Each structure stands twice: as structure tokens, then as C-alpha cells.
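I opened the notebook to go through one structure, topic by topic. Each entry gives what I looked up and what I found.

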Amino acid sequence: MRTPIIAGNWKMHKTVSEAVELVRKLEAELQDSPVEVVVCPPFTALSAVFALGLSKVKLGAQNMYHEEQGAYTGEISPAMLKDVGCQYVILGHSERREYFKESDVFVAKKAAKALEHGIKPIICVGESLDERRAGKTFDVVVTQTKGALAYITPEQIADVVIAYEPIWAIGTGETSTGEDANEVIGKIRATIAELFGQDKADQVRIQYGGSVKPGNIAEFMNQPEIDGALVGGASLSADDFTKIVQYE
Ligand code: PGA
């Protein structure tokens with residue numbers, strides 16, 4: 001059985017005090033949830049959130065660089081993320097692929113480095129609207145999945161989380177149907193099975209992301225292949241994110 005994992009991607013939102021306030025509420029509300037709960041605040045709020053000594057809510061970052069240290073102005077290393085309590089890191093989000101030109105190889109290097117440091121990567125894959133209309137959804141997600149997992153070993157793969165996020169559904173209010181997302185996620189799992197074997201693929205958690213809200217989360221979580229969600233906008237509200245985690 002795969003433990004469901006629901007993560008909040010706060011993107012470029014929340015000051016330190018706002019972050020602390022939001023996480024305190026989540027920690028109190030979600031204590032008894034069977035779901036693994038992760039929040040990914042901006043870098044500036046990580047250490048203050050870590051200092052709260054959370055027991056239920058886990059901490060993740062939204063990005064990192066794949067070098068240990070050095071002259072990389074503006075970048076953050078895996079050891080720095082460990083230092084402020086990060087157990088997860090989102091990698092290859094479509095916004096980073098689009099605005100910062102992150103390639104599959106770049107994402108693959110970061111994923112391998114994160115695992116080397118004991119940080120679990122949440123690797124994002126997903127097609128654009130044009131790609132979907134051209135019938136290329138499977139091709140795109142298979143290529144991105146294989147690309148991102150290029151340096152991962154069979155011993156590491158169970159610690160990887162994949163987030164399937166159709167780009168046209170991110171922040172738009174449009175969502176994939178549960179069935180559609182389930183089919184694409186099944187294809188991602190089959191790709192992992194091709195690379196690492198079915199037993200390993202069955203251990204990997206694959207999330208859906210893209211306009212997840214309290215009103216539609218159950219549709220996704222009820223699908224057999226879908227193990228959780230990566231939530232953007234709705235994770236900024238304690239009420240909404242709590243309802244999403246308590247989807248049953
Ligand atoms: P959204 O974002 O929930 O606001 O659509 C999801 C994401 O980008 O991870």
C-alpha cells in the first residue's frame with residue numbers, strides 16, 4: 001500500500017510570519033490524518049517553519065541546485081535544505097521549465113543530488129495544451145519521466161515522488177478529469193516499471209496537480225493510480241488545504 005501524499009506548493013507567496021501562522025493551523029488541524037502532509041514555503045520562510053518543531057506537517061523546498069557548494073550566486077544546495085529540515089524538494093515544476101529553461105537533464109542531476117542527501121524529490125511532469133491537442137500527452141510525460149530518472153538507482157526509486165501536472169490545468173481552474181489523470185499516471189507508472197521493474201514502480205507515489213480544490217480532490221484520490229496531490233493556489237488557505245487533506 002502506498003501512503004497518500006498531499007503537498008502544498010506555495011510558490012512565491014507568504015512572508016515569514018504568514019508562513020508560520022498558516023503552518024501552525026495545519027499542524028493543529030491535520031494531526032490525525034493518515035495522509036502524509038508536506039508544505040513547500042519559499043526559501044525565506046523555511047528556517048522559521050522548521051523552528052516550530054512540527055510533528056505532522058513535513059517541510060519541502062520548491063527548488064534546489066545540484067552542486068554541493070561554490071560560486072553559484074542565488075542558488076541553494078541540498079545540504080542547506082537539510083539544514084533547515086527539508087525532507088522533500090519540488091523539482092522541474094513547469095514554471096521552472098518555462099521561465100528558467102530547466103531541461104530534463106538539469107532536473108535529473110538535481111533529483112540524483114537530492115536523494116544523495118536524503119531529500120525526496122517531487123518531480124513534476126506534464127504536457128502543454130498544444131501538446132495535448134496534438135495527441136502528444138503520453139510522449140511528453142514518458143520523455144520527461146525517463147529524462148528525470150536518468151541518474152536514479154533501483155535502491156532510490158521508491159523515495160521518488162512524481163507529480164503529474166498538465167500545464168493547462170495549473171492555476172487556471174481547469175482540471176483534468178479523474179479518469180484522464182488516472183490514465184496518464186498509469187502510463188507514468190508503466191514507464192517506471194519499464195526502467196526499474198513492476199515491484200519498484202508499485203512503490204512510487206504519483207500525484208495529480210493542477211487546480212486541485214476541496215471540491216474536486218476526492219475525484220482524483222478515488223482513482224487507483226493516483227496517490228496524492230500537489231496543490232498550488234488552494235494550499236495558501238489553511239481552510240482549503242485542510243479540507244483537501246481531509247478529502248474523505
Ligand atoms: P494550482 O498549482 O493548484 O494553483 O493549479 C499547482 C502547481 O503548480 O503545483
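**Entry 1. Ligand site**

I am working from a predicted model. I started with the surroundings of the ligand. Which residues are the closest to the ligand? I found 13 residues around the ligand, and the closest are Lys11, His93, Glu165, Gly171 and Ser211.

Next I sorted the shell by residue class. I noted four nonpolar residues, seven polar ones and two charged ones.

Then I looked up single contacts to ligand oxygen atoms. For Lys11 I noted a polar side-chain atom 2.7 Å from an oxygen of the ligand. His93 also places a polar side-chain atom by a ligand oxygen, at 2.6 Å. I then checked how much of the ligand is covered. On its own the ligand exposes 280 Å², and the protein buries 96% of that.

**Entry 2. Cysteines**

How many disulfides does the whole structure hold? My search found zero.

I wanted the reason, and took two cysteines in turn. The closest cysteine sulfur to that of Cys86 is in Cys40, 7.8 Å away, so the pair is too far apart for a bond. For Cys124 the closest cysteine sulfur is again in Cys40. That gap is 9.3 Å, also too far for a bond. The cut-off I applied is 2.5 Å between sulfur atoms.

Are these cysteines buried or exposed? Cys86 has 2% relative accessibility and counts as buried. Cys124 is buried as well, with 2% relative accessibility. The limit for buried is under 20%.

I moved on to strand S4, residues 86–91. Five of its six residues are buried, so the strand is largely enclosed by the rest of the structure.

Which way do S3 and S4 run relative to each other, parallel or antiparallel? Strand S3 covers residues 58–61, and it runs parallel to S4. Three bridges join the two strands. I also looked up who faces whom: Ala61 stands opposite Val89 in S4.

**Entry 3. Val184**

Where is Val184 found? Val184 sits in helix H8, which spans residues 178–196. Val184 is buried, at 3% relative accessible area.

I then compared sequence and space for Val184 and Val142. The two are 42 residues apart in sequence. Their C-alpha atoms are 9.4 Å apart in space.

Notes: Residues numbered from 1 in each chain as written. Predicted model: local features only at pLDDT ≥ 70, side-chain atom pairs only at ≥ 80, totals over all residues. Heavy atoms only, no water. Near = heavy atom within 4 Å. Polar contact = N/O pair within 3.5 Å; in protein donor to acceptor, adjacent residues only side chain to side chain. Areas by Shrake-Rupley, 256 points an atom, 1.4 Å probe, with all protein chains shown as cover. Nonpolar A, V, L, I, M, F, W, Y, C, P; charged D, E, K, R; others polar. Buried < 20%, exposed > 50% of the residue type's maximum accessible area, 1.4 Å probe, protein only. Helix = DSSP H or I, 4+ residues; strand = E, 2+ residues; numbered from the N terminus. Pairing = 2+ DSSP bridges.
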